[in-house]
Structures are given as C-alpha cells and as structure tokens.
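Thanks for making the time this morning. I would like to walk you through one structure, so please have a look at it before I start.

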Amino acid sequence: MPAINFFEEDVSYKLKNKNKVKQWIKDTIAAEGYKLDELTYIFCSDEYLLKINQEYLDHDTYTDIITFDNSETEKLITGDIFISIDRIRENAAKFNQTLATELHRVIIHGALHLLGYKDKRPEDKKNMTQKEDKYLKEIAF
C-alpha cells in the first residue's frame with residue numbers, strides 16, 4: 001500500500017495539513033506518470049543534515065534537503081527525503097516567503113528529484129523551479 005510518512009530527528013516540528021500534503025504529493029507523483037511505493041520525509045536540524053551530507057555525500061556544507069532514491073522498479077517511487085527545518089526557516093526569511101510556502105517548495109523539490117528532475121545545470125534548475133511553481137499553485141489548502 002502506498003505510503004508517505006513524516007518523522008522528526010533532532011527537531012520538534014509538526015507539519016500542518018499533513019493529510020492534504022500527502023495527497024498533494026501523491027497527486028504530483030501521479031501527474032508525472034509515476035506510482036508511489038513509499039516515501040519518508042525526515043525533518044531535522046542543520047547539524048543532523050550536515051552529518052548526513054558529510055557521511056553519505058562527502059560534502060561539508062549545510063543544505064536544506066538531501067534526497068535518497070531507494071527505488072528498485074522503474075516508475076515506482078521509494079525514497080527518503082531529509083529536510084533541515086533550520087534551513088527552511090532561514091530561507092523563508094531570506095526569500096520573503098512564509099515558512100509553509102518554503103517548506104512546501106522543498107517537499108515537492110525532493111519528490112521531483114525522485115521523479116528524475118535534476119538541478120545542477122542552469123537549464124535543469126530552471127526546469128525544476130518551473131515544476132515546483134506549477135505544483136505549488138495546485139495546493140488547495
């Protein structure tokens with residue numbers, strides 16, 4: 001049975017409208033022609049995510065999100081997405097966004113990575129941002 005779960009590590013954060021967010025993510029995955037197996041979001045601190053970045057990606061930098069694709073079947077999404085709530089708060093202020101808007105952008109950003117979207121090259125980043133904007137407009141809550 002398809003599942004989306006939310007957990008906290010090293011922070012205390014409760015996602016608002018959890019069931020609506022889950023449905024929005026599921027709808028996004030379906031709209032892109034994929035099916036959901038299991039998706040886990042872990043909200044954490046900067047320090048927690050920095051350790052993951054150092055250990056698994058050999059990067060010694062803070063980041064807002066790290067996505068691990070655990071899919072074994074094509075077009076079937078299975079993954080773990082770590083999101084720094086510290087970074088989300090800082091970026092929301094920096095980009096003059098609400099915390100909820102910034103968090104939703106990063107939540108869907110991680111899902112889009114699992115759907116095959118990249119963001120390292122300028123043209124890929126532009127496409128990713130367009131997809132984020134598209135799906136953010138579809139939030140009905």
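Predicted model: local features only at pLDDT ≥ 70, side-chain atom pairs only at ≥ 80, totals over all residues.

Within α2, the residues Asp46, Leu49, Leu50, Ile52 and Asn53 are buried. When we look down the axis of α2, these buried residues fall within an arc of 160°, and therefore they line one face of the helix. On the other side of α2 we find Lys51 and Glu55, which are exposed. As for what the buried residues pack against, the partners are the strands β2 (35-44), β3 (65-69) and β4 (76-84), together with the helix α3 (85-94). Just after α2 comes Asp58, which takes a positive phi of about 60°.

Now to the cores. The largest nonpolar core has 32 residues, and of these Ile25, Tyr41, Ile83 and Ile107 touch the most other members. The elements that give two or more residues to this core are β1, α1, β2, β4, α3, α4 and α5, with the largest share, seven residues, coming from α4. To take one member, Ile25 touches Ile4, Phe6, Leu39, Tyr41, Ile107, Ile108 and Ala111, if we leave out residues up to four places away in sequence. Apart from this core lies another, of six residues, among them Ile42, Leu49, Ile52 and Phe82, and of these, Leu49 and Ile52 are buried residues we already met in α2.

Notes:
Residues numbered from 1 in each chain as written. Heavy atoms only, no water. Buried < 20%, exposed > 50% of the residue type's maximum accessible area, 1.4 Å probe, protein only. Helix = DSSP H or I, 4+ residues; strand = E, 2+ residues; numbered from the N terminus. Arc of directions from axis to C-beta. Contact = heavy atoms within 4.5 Å. Core = buried A, V, L, I, M, F, W, Y, C linked by side-chain atoms within 4.5 Å.
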